[in-house]
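Please open the model in a viewer and follow the selections below in order. Each stop names what to select and then describes what is found there.

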Amino acid sequence: MKRSKLALTLLAVAIGVIGCGKEEPKKPAATQAPAAAPSIDIKIGHVGPLTGAIAHLGKDNENGARLAVEEANAAKIKIDGKDAKFTLVAEDDQADPKVGTTVAQKLVDAKVAGIVGHLNSGTTIPASAIYNQAGIPVITGSATNPKLTEQGFKVVFRTVGRDDQQGPAIASYLADTKKPKLVAVIDDATAYGEGIANEVEKTLKAANIKVLPREKGTDKTTDWKAVLTKVKGKNADAVFYGGMDATGGPLLKQGRELGIKAVFSFGDGACTDDMTKLAGAAADGLLCSQAGLPPQAADKKFLEAYKKKFNVDPILYAPFTYDGANLLIEAMKKANSADPAKYLPELAKSSYKGATGQIAFDGKGDRQDAEMTIFTMKDGKLGPVAIIKGGKTTDYAEFMKAAGAAK
Amino acid sequence: MDIFVQQLINGLTLGAVYAIVALGYTMVYGIIQLINFAHGEVVMIGAMVAFTVINALAAAGLPPLAVVLIGAGCAIPVCMLVGYAMERMAYRPLRLAPRLAPLITAIGVSIILQHLAMLVWSRNVLAFPQIIPITTYSFFGAIITGVQLTILGLCFAMMAGLALLVYRTRLGTAMRATAQNPLVARLMGVDVNRVIAATFIIGAALGAVAGVMVGTYYGVAQYTMGSVLGLKAFAAAVLGGIGNIPGAMVGGLLLGVVEALGAGYIGDLTDLCRYGLGPAASCADGGHFVLFGSNYQDVFAFVVLILVLVFRPSGLLGERVGDRA
């Protein structure tokens, strides 16, 4: 009985697989028939939180991808001899891993050719398994948790650096310039926050700096007083928080209210200009890091196009999702096909000059030689102070000079 | 010691806000045995309205206190209106329905209000303009800010005011009569519907003030902020004995203090290295091996709630729950 059930299931799966296999070649034929000039519809998915605490960042990511898609349409790209018409299918994952996988399945069912996203590490990691199964390439411009590319999935790429590159960068900058003796490390118990906090702790310990037992909140915590009072009692002279700006702002403000004089340092999630609004004058002196180059160091052409199209400046990761979408399109162009199986090898071999500089992937899908930038808050404005690349710290002004010379 | 006092102050401030919100839950429950899950959303709307007003006036050059007062002055009537509207439209038609119906309606109202707020104020985290300068006072070695002092003072004043209203005025007498037996109260000439509406309106006004306080204290407001705050305040109301007004005050303050002390000390208390039990590798050189960290902050509050409910099912001060069921 059991065996026959198994056989039945196998048969069903086999039929399903064959069915799917048969369906695909039919599709272009169907789209070809009605149009006089042959054209091909290519759907590119984008996923990020469009509701919830970090919806502003999600929208920023989506705008980046949208700009790339619209530029590609304006450029009248031909794929397989047909006019390529790109559409962006934007979905909302609410920064929730459960919703993230549902939305991922939805995009797979909608037969998108490639995906840009998701924003959070916590949503990208579970969703990547679904994309991997479907064989659809996914490029994230903001998920920095190392685990994402350590799963052995061939379809996963990122245009941004990893926490285990970013964490050490901010931690070593902190250790070198502020020379703290005791550091309190706090995180928001998300995959991102915990990941980067772990890396910071590791680097600090390696530099023989004492670290207090980890304190935690959640990604919705606004009352940090209890945790901060404890930190104050231990006389920590630096604080690192792994989390987003919506929780980091109150943390910083309450820390100053309690009279904590320690240096506060954040990861990229809380490295936004919103920090001044969220924490007011207390934000001054904040140190924070961003994976990659700051938006204002992105390609001029991109910045102008973005501003013109959306009437705002990119907040954080838009240049990276812009590059992500462009990489997909570029690989399709080279492979002369929008079939994921055909253009995936081209994507892996990419060597592309994007808005965030030269992009090439290593074997895992991580960006080679990702830059990290350290910022400091002064008079209500975040200004880059140093670029860290391959373990080497360069002063920001010098870096820009060198980049200017290269251009 | 100063750290302990500091945690106590943190807890009391948080607890005072919980208490004010808890009053809204407990008053409504006391009078119609309805857990108004939408009350957290009223608090959120209070914060949002105050945000809009304060944001608009921030650059006008008025003194900060006046700006906040105007903000509260706008938030309170809006919330009263919301409170009245939801009673009139969502709960009154269900007055005679089985108890489960209004409860589910309350959850529905909560979702509707949340999403309306999302449409009006966007889904972003709204940052209050930082107009109030941080003034700090030293108190037994701990630091208390002007905002905290104001919150504490205002909360106690509101609690006292509510107690006066309930126990010393005609409306209060009518409310207590309705709570005891709505049918008999009606026979005695009490306009029950009006009393219930008044209860919702008063609760909403308190919620509005709580919203303004939370918004200005933490500096952020968002359309989802009501749910967690509401849940904690509801827990506080149950802790004190739901339906009991002094109970909500005690429950709120207690919950806030337990949360602050819990988050502040659980890490140290469960540090195995203190007791010589932790693994040598992590304990060496003054290291730590912490079993439970501050991530258990929320758990703490609810553990206390469960303990109280196990040993005193009617809550700390609640007495007359049994005679109603």
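Helices and strands in this tour are DSSP runs numbered from the N terminus, a helix having at least four residues and a strand at least two. The model is predicted.

**Loops of chain A**

Begin with Lys111(A), which lies in the loop between H3 and E4 of chain A. Lys111(A) is not a glycine, yet its phi is positive, at about 55 degrees. Because Lys111(A) has 14 C-beta neighbours inside 10 Å, it counts as partly exposed.

Select Gln94(A) next, in the loop between strand E3 (82-92) and helix H3 (97-109) of chain A. Gln94(A), also not a glycine, has a positive phi of about 55 degrees. Is Gln94(A) buried or exposed? With 22 C-beta neighbours inside 10 Å, Gln94(A) counts as buried. As background, most residues other than glycine have a negative phi, and most peptide bonds are trans.

Move on to His118(A), in the loop between strand E4 (114-117) and helix H4 (121-134) of chain A. The peptide bond that leads from Gly117(A) to His118(A) is cis, and its omega is near -5 degrees.

**Where chain A touches chain B**

Now display both chains. The contact draws 31 residues from chain A and 31 residues from chain B. On the side of chain A, two or more residues each come from helix H2 (55-74), strand E9 (215-216), helix H7 (225-233), helix H8 (245-257) and helix H9 (274-279). H7(A) supplies the largest share of that side, six residues. By type, the side of chain A that touches chain B comprises eleven nonpolar, nine polar and eleven charged residues.

**Chain B as a whole**

Chain B contains twelve helices and four strands, and its C-alpha atoms fill a box of roughly 75 × 55 × 35 Å along the principal axes. Buried residues account for 50% of the 325 residues in chain B.

**A helix pair in chain B**

Finally, select helix H1 (residues 2-32) and helix H8 (residues 192-218) of chain B, whose axes are 8 Å apart at an angle of about 165 degrees. An angle over 145 degrees counts as roughly antiparallel, and H1(B) and H8(B) are therefore roughly antiparallel to each other. Their crossing is left-handed. To view the contact, show side chains including Val17(B), Leu23(B) and Met27(B) of H1(B), and Phe200(B), Leu206(B) and Met213(B) of H8(B). The residues of this contact divide into 17 nonpolar, four polar and no charged.

Methods
Residues are numbered from 1 along each chain as its sequence is written. Chains are lettered from A and ligands numbered from 1 in the order in which they are written. This is a predicted model: local features need pLDDT of at least 70, side-chain atom pairs count only at pLDDT 80 or more; totals for chains, interfaces and linings use all residues. Two residues are in contact if their C-beta atoms, placed from the backbone, lie within 7 Å. Ala, Val, Leu, Ile, Met, Phe, Trp, Tyr, Cys and Pro count as nonpolar, Asp, Glu, Lys and Arg as charged, and the others, Gly among them, as polar. A residue is buried if 20 or more other C-beta atoms lie within 10 Å of its own, exposed if 12 or fewer, and partly exposed in between; C-beta atoms are placed from the backbone. Axes are lines fitted to C-alpha atoms, for helices over the stretch in contact, and angles run from 0 to 180 degrees between N-to-C directions. Angles under 35 degrees count as roughly parallel, over 145 as roughly antiparallel, 65 to 115 as roughly perpendicular and the rest as oblique. A crossing is left-handed if the near helix is turned anticlockwise from the far one by less than a right angle, and right-handed if clockwise.
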